[in-house]
Amino acid sequence: MAVKTGTSQAYRDNWTIGYTREIAVGVWVGNFDRSELRNSSGITGAAPIFHDVILAAVKRVGGGRGPIVDRPADLELQPICALSGHRPSTECPAIESEWLPASDRVAFCSWHHGERVELPAEYRAWEPHVRTAEAAVLHILNPPDGSTYWIDPTLHAEFQALQLKATDRVTWMVDGRHTEAEWSLRGGKHTITAVDGEGRRDSVTITVR
Ligand SMILES: [Zn+2]
């Protein structure tokens with residue numbers, strides 16, 4: 001069967017949802033006044049209940065033995081580079097297999113060059129020891145320039161904050177005022193600026209609705 005557990009922010013509730021071909025079961029555990037659960041997660045709270053309920057249901061309805069979906073006929077097991085997900089070249093150190101459309105010939109991996117790994121620009125910030133000429137320039141990594149965020153009226157303001165991130169240690173300003181790296185969303189158009197100890201800076205503009 002397919003099963004997923006989940007825990008909400010501040011441990012207010014947890015879920016386990018799953019299905020076989022015949023049955024779907026969802027279990028929610030929480031307090032109706034939204035007060036915090038103690039020592040409970042999706043694994044210890046909802047999952048044992050889910051386990052008992054779905055076993056009882058399978059007994060009653062039957063099934064639960066076969067795969068939950070048929071494998072599409074056009075898929076075949078293809079080798080991929082474990083890091084890039086592309087077709088492995090002779091330089092890829094680790095290879096895995098993945099079900100991919102038979103007609104879909106994935107391009108050869110261009111990340112592995114002997115000992116060296118050359119990540120595409122969008123992933124470079126994830127690997128601090130990959131140093132390139134770009135590292136000398138200060139970049140705001142989050143939020144992306146020109147992005148729009150929506151305030152969700154059903155959530156507490158404290159859960160609606162942006163994590164400001166840059167390629168280096170910086171101080172943050174929003175609309176010219178100093179702020180923490182966790183900035184609570186406020187409606188309007190805002191200019192977010194990062195400044196580091198050497199005076200390098202970068203700015204992005206975002207919209208919050
Ligand atoms: Zn590779």
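**View 1. Zinc donors are spaced C-x10-C-x16-C-x2-H along the chain.** In this predicted model, Cys81 (SG), Cys92 (SG), Cys109 (SG) and His112 (ND1) are the protein donors of the zinc ion, lying 2.1 to 2.4 Å from it. (Donors are N, O and S atoms within 2.8 Å of the metal, or 3.2 Å for Na, K and Ca; water is not among the atoms, so sites may look incomplete.) The site is tetrahedral, with angles of 104 to 114° among its 4 donor atoms; for four donors, that label needs all angles between 85 and 135 degrees. Ideal tetrahedral angles are 109.5 degrees.

View 2. Strand 12 (residues 171–174) runs antiparallel to strand 15 (residues 188–195), and 4 bridges join them. (Strands are DSSP runs of E, at least two residues, and helices are runs of H or I, at least four, numbered from the N terminus; two strands pair if DSSP finds at least two bridges between them.)

**View 3. Phe32 sits out in the open.** This residue is exposed (over 50% relative accessible area, 1.4 Å probe, protein chains only), at 81%. Phe32 belongs to the loop between strand 3 (24–30) and helix 1 (46–61).

**Notes.** Residues are numbered from 1 along each chain as its sequence is written. For this predicted model, local features need pLDDT of at least 70 and side-chain atom pairs pLDDT 80 or more, while totals for chains, interfaces and linings use all residues, and side-chain values use heavy atoms, leaving out hydrogens and water.

Key
Buried means under 20% relative accessible area, exposed over 50%, partly exposed in between (1.4 Å probe, protein chains only). Four donors count as tetrahedral if all angles lie between 85 and 135 degrees; four count as square planar and six as octahedral if opposite donors are over 155 degrees apart and all others between 65 and 115; anything else is irregular.
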